[in-house]
Amino acid sequence: MKNILKRVLTCILAIGLVHTFPFAVKAEETGSFKNVALGKTTSSTGRYAPNFDDKYAVDGNVNTSWASGAQESDNKYEKKEGENATIVVDLEENHMISEIYVRTRRDMDQTYTRRNWQVYVSDSPDFKNQKLVGEKKLSGLFKEDLEMKFKTLQKMRYIKVTCSTPNDGMVISEIEAYGYAIGGEETGFAEYSDMESSIKYYSANNAV
Ligand SMILES: [Ca+2]
């Protein structure tokens with residue numbers, strides 16, 4: 001009988017809590033923003049093979065990847081000598097972004113494909129006006145990702161992930177950006193002034 005009474009009281013208390021704090025949490029904190037990079041336009045310095053095309057970095061599947069370099073017969077997509085491997089995601093209009101994730105390869109533990117990454121954002125495809133928002137210097141652990149969380153929402157349209165060491169290969173399974181579209185002109189936004197102070201830089205802490 002005591003147990004039943006206890007359960008009833010627990011239920012009443014639980015219902016009370018739900019009613020007291022139903023929607024107090026802000027959208028940013030609930031992670032309710034959508035991944036706006038999903039299925040967007042991508043470009044890159046080259047792909048290793050057709051099944052490692054840059055489109056696989058935004059297909060929502062961590063088991064598929066973009067890989068730089070080239071193994072294709074016509075070398076059409078081959079990265080030039082000394083060129084830094086790079087992939088760009090065009091969000092196709094301006095967005096307010098709260099978080100960006102750049103995910104490493106999941107199917108193979110290749111340390112040399114997940115180091116010296118730098119992430120820039122811009123309002124124009126030429127990245128004339130760009131800001132560094134995060135970097136991953138060390139390879140770190142297998143399946144460890146680069147995560148950037150902004151203290152305030154940041155305006156951007158283009159996201160670029162590049163390898164700071166020329167001739168190093170990159171494999172990225174997924175680039176995710178959480179936020180919402182605000183539309184507007186392609187250029188005209190240069191409001192990154194608070195980014196350095198509001199951003200958290202993540203670097204893998206296990207040297208390989
Ligand atoms: Ca993928």
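**Reading the model**

Guide: Setting aside residues up to four places away in sequence, Met96 is in contact with Leu153, Lys155, Gly179, Tyr180 and Ile182. Two residues count as in contact if their C-beta atoms, placed from the backbone, lie within 7 Å. This is a predicted model, in which local features need pLDDT of at least 70 and side-chain atom pairs count only at pLDDT 80 or more, while totals for chains, interfaces and linings use all residues. Residues are numbered from 1 along each chain as its sequence is written.

Visitor: In which strand is Met96 placed, and how many C-beta neighbours does Met96 have inside 10 Å?

Guide: Met96 belongs to strand β4. A residue is buried if 20 or more other C-beta atoms lie within 10 Å of its own, exposed if 12 or fewer, and partly exposed in between, with C-beta atoms placed from the backbone. Met96 counts as partly exposed because it has 17 such neighbours. Met96 and Val36 are 60 residues apart along the chain, and their C-alpha atoms are separated by 9.9 Å.

Visitor: How many helices and strands are there in the protein?

Guide: Helices (H or I, at least four residues) and strands (E, at least two) are DSSP runs, numbered from the N terminus. The protein has 3 helices and 8 strands. Read from the N terminus, the order of elements is α-α-β-β-β-β-β-β-β-β-α.

Visitor: Which strands pair with β4 in the antiparallel sense?

Guide: Two strands pair if DSSP finds at least two bridges between them. Strand β4 (residues 86–104) pairs with strand β2 (residues 41–44) over 4 antiparallel bridges, and Ser44 has Ile87 of β4 as its bridge partner. With strand β7 (residues 146–163), β4 forms 12 bridges, again antiparallel; here Val102 stands opposite Leu146. Strand β8 (residues 171–181) is joined to β4 by 9 bridges and runs antiparallel to it, with Tyr101 opposite Glu176.

Visitor: Which residues of β2 form its covered face, and which its uncovered one?

Guide: In a regular strand the side chains alternate between the two faces of the sheet. In β2, Thr42 and Ser44 make up the covered face, and Thr41 and Ser43 the uncovered one.

Visitor: How many residues does the largest nonpolar core have?

Guide: In soluble globular proteins, nonpolar side chains tend to be buried together. A nonpolar core is a set of buried Ala, Val, Leu, Ile, Met, Phe, Trp, Tyr and Cys residues joined through C-beta atoms within 7 Å. The largest one here has 35 residues, and Val119, Ile159, Ile172 and Ile175 have the most contacts inside it. At least two residues of this core come from each of β3 (66–67), β4, β5 (117–122), β7 and β8. The greatest contribution is that of β7, with 8 residues. Ile172, leaving aside neighbours within four places in sequence, is in contact with Ala57, Ser65, Trp66, Ile87, Val102, Arg103 and Val161. Of the 208 residues of the protein, 35% count as buried.

Visitor: What does Leu132 touch beyond residues up to four places away in sequence?

Guide: Leu132, in strand β6, touches Gln118 and Tyr120 when those close neighbours are not counted. Leu132 counts as partly exposed, because 15 C-beta neighbours lie inside 10 Å.

Visitor: Which residues other than glycine have a positive phi near 75 degrees?

Guide: Most residues other than glycine have a negative phi, and most peptide bonds are trans. Glu92 has a positive phi of about 75 degrees and lies in strand β4. Lys143 also has a positive phi, near 75 degrees, and is found in the loop between β6 (130–136) and β7. Glu92 is partly exposed, with 14 other C-beta atoms within 10 Å, and Lys143 is partly exposed with 13.

Visitor: Where does the pLDDT fall below 50?

Guide: The pLDDT is the predictor's confidence in each residue, from 0 to 100. Where pLDDT is low, the predicted coordinates should not be read in detail. The protein averages 78, and 67% of the residues score at least 70. Over residues 15–30 the value is below 50, and this stretch has 4 contacts beyond near neighbours in sequence. Residues 196–208 also stay under 50, and the model has 30 contacts for them beyond four places in sequence.
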